[in-house]
Amino acid sequence: MLYVLACSPDRLGQKIIELENENIPVLDMGFELSTSLKGKFKFLDILAYENIVSIIDNRAIKLSPLQKRIVAIHNLGILMEPSLSLNGSKILKELSKNIHIIILWENQIDQAGKLHWGNQTVRFYFDFTGINLKNLQ
């Protein structure tokens, strides 16, 4: 299941602390992915995909035995990096079949489930239309 937790950039730190206080791991995907790719120059698209899956899979935890694992992520701009040729929306949709993923989002959200950066609605966005993207408060 995919969740979005909208917040202003100045409240991101507070939201991260709140989630961590609930024992939910919070990942800075820009930092995590760029660190995992440091010094790599070939097959970046394949490595990036594999590393995203690995990072999220390895850090997600179960809060109770009856629930799916859960993780929160933010700083997703790296998933739009042209040199990585990723489809961030598709990757997160796939991962969310087995892991609850909370997206901390500091930018714009359209009613239909499109997450984007300001006026970049056509070029840079995550498209979660057609799935049940849950909004958290």
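In which helix does S89 lie? In this predicted model, S89 is part of helix α4, which covers residues 88-95. The description below begins with the chain as a whole and then returns to this residue and its surroundings.

The chain contains four helices and eight strands. Read from the N terminus, these elements follow the order β-α-β-α-α-β-α-β-β-β-β-β. Along the principal axes, the C-alpha atoms occupy a box of roughly 40 × 35 × 30 Å. The accessible surface amounts to about 8000 Å², and carbon and sulfur atoms account for 51% of this surface. Of the 137 residues, 39% are buried. When contacts between residues at least 6 apart in sequence are considered, 68% of them connect residues at least 24 apart.

Two aromatic pairs are present in the structure. In one of them, the ring centres of W105 and F126 are 5.8 Å apart and the ring planes meet at 85°, so this pair is classed as edge-to-face. W105 belongs to strand β4 (residues 99-105), while F126 belongs to strand β7 (residues 125-127); the pair therefore ties together parts that are 21 residues apart in sequence. W105 and F126 are both buried. The other pair is formed by F126 and F128 and is stacked, with 6.3 Å from centre to centre and 5° between the planes. F126 takes part in both pairs, and the ring pairs link W105, F126 and F128 into a cluster.

The relative accessible area of F126 is 0%, so this residue counts as buried. F128, at 1%, is buried as well. A further arrangement involves the ring of Y125: the charged end of K114 sits over this ring, at 4.2 Å from the ring centre.

The surroundings of S89 lead back to these aromatic residues. With neighbours within four places in sequence left aside, S89 is in contact with Y125, F126, D127 and F128. The contacts of S89 thus include F126 and F128, which form the stacked pair, and Y125, whose ring lies under the charged end of K114. The relative accessibility of S89 is 8%, and because residues under 20% count as buried, S89 is placed in the buried class.

Technical notes: Residues are numbered from 1 along each chain as its sequence is written. This is a predicted model: local features need pLDDT of at least 70, side-chain atom pairs count only at pLDDT 80 or more; totals for chains, interfaces and linings use all residues. Side-chain values use heavy atoms; hydrogens and water are left out. Rings of Phe, Tyr and Trp (its six-membered ring) pair if their centres lie within 6.5 Å; planes under 30 degrees apart count as stacked, over 60 as edge-to-face and the rest as tilted. Helices (H or I, at least four residues) and strands (E, at least two) are DSSP runs, numbered from the N terminus. Buried means under 20% relative accessible area, exposed over 50%, partly exposed in between (1.4 Å probe, protein chains only). A charge sits over a ring if NZ of Lys or CZ of Arg is within 6 Å of the ring centre and within 35 degrees of the ring normal. Contact means heavy atoms within 4.5 Å. Accessible areas come from the Shrake-Rupley method with a 1.4 Å probe; for residues, only the protein chains shown count as cover.
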